[in-house]
Amino acid sequence: MANILTQNDIQHVDYKDVDLLKQFINPHGRMVSRKRGGLTAKQQRAVEAAVKRARFMGLLPYVQK
Amino acid sequence: MAEDTKVVSKDEGSEELGLRIYEVGYHVIPTVKEEDIESVVASIRTVIEKAGGSFIAEGAPALMKLSYAMTAREGDKNVDYDRGYFGWIKFESSVEASETLNETLKADRNILRHIIFRTVREETRARMKIPTLREVRRTDAIKPAPHHVEDTSIPVSEVDLDKAIETLTTD
């Protein structure tokens, strides 16, 4: 099955879309692997950059206890 | 053969002029009064404008809870903040202008944290509704189903009970 980014034709991943990014992090706040998330390599890189920006700006946690 | 024409999009044209698309995200410290936030944002805008930048899109600062406490230096002591007014501006400017803005925001005491990065002119926010695991409508009060306990018990004599048990056990 196609992933959520492909399904909705999302070309750019914004770091402010916290709800979208939450689909790709686990309950501990770590990134989900590409195999599990079902993203293409390009999408995974885009999500990774967005998650890192969101973490830096305090929109997402670095670690969740 | 068709003439070899070079199509230059608007972004490429701007690129040749040394202009790039940037986005700045910032947190204004929560101790700033609500009415003074606009002046903080205005100061960011003037820095961009002075350096010859133009605005593309903007998100007004709104108070939000941070995922973790951020430390800011206030005078000679560190202060932890667990919330901030988060806002963002997308703009087009030269590389130098973005560097100037970076330095200005770093020096600004009212800015808790900021980020500047290159982006694209198009809207980057997802227009879809993200599926959530559970959706609870606060307006609908959940009423417990009426619990009926009907008293259908009829007095049973000891003899009948013994008979019934016997028939069960013999089978």
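Helices and strands here are DSSP runs: a helix has at least four residues, a strand at least two, and both are numbered from the N terminus. Keep that in mind, and remember that this is a predicted model.

Start with chain B. Walk along its sequence and you get the pattern α-β-α-β-β-α-β-α. That comes to four helices and four strands.

Next, burial. Chain B has 171 residues, and 16% of them count as buried.

What about contacts inside the chain? Take the pairs in chain B that are at least 6 apart in sequence. Of those contacts, 80% join residues at least 24 apart.

Now look at the last stretch of helix, H4 of chain B, residues 158-170. Is H4(B) buried or in the open? A residue needs 20 or more other C-beta atoms within 10 Å of its own to be buried. Of the 13 residues in H4(B), the number that are buried is zero, so this helix lies largely in the open.

At 1.5 Å a residue, the 13 residues of H4 of chain B should span 18 Å, and the end C-alpha atoms are 18 Å apart, so the two agree.

On to the partner. Where do chains A and B meet? Chain B puts 17 residues into the contact, and chain A puts in 17 residues. Which one gives the most? S2(B) does, with four residues. By class, the side of chain B that touches chain A has ten nonpolar residues, four polar and three charged.

Terms used:
Residues numbered from 1 in each chain as written. Chains lettered and ligands numbered in written order. Predicted model: local features only at pLDDT ≥ 70, side-chain atom pairs only at ≥ 80, totals over all residues. Buried ≥ 20, exposed ≤ 12 C-beta atoms within 10 Å, placed from the backbone. Contact = placed C-beta atoms within 7 Å. Nonpolar A, V, L, I, M, F, W, Y, C, P; charged D, E, K, R; others polar. Expected span 1.5 Å × (residues − 1).
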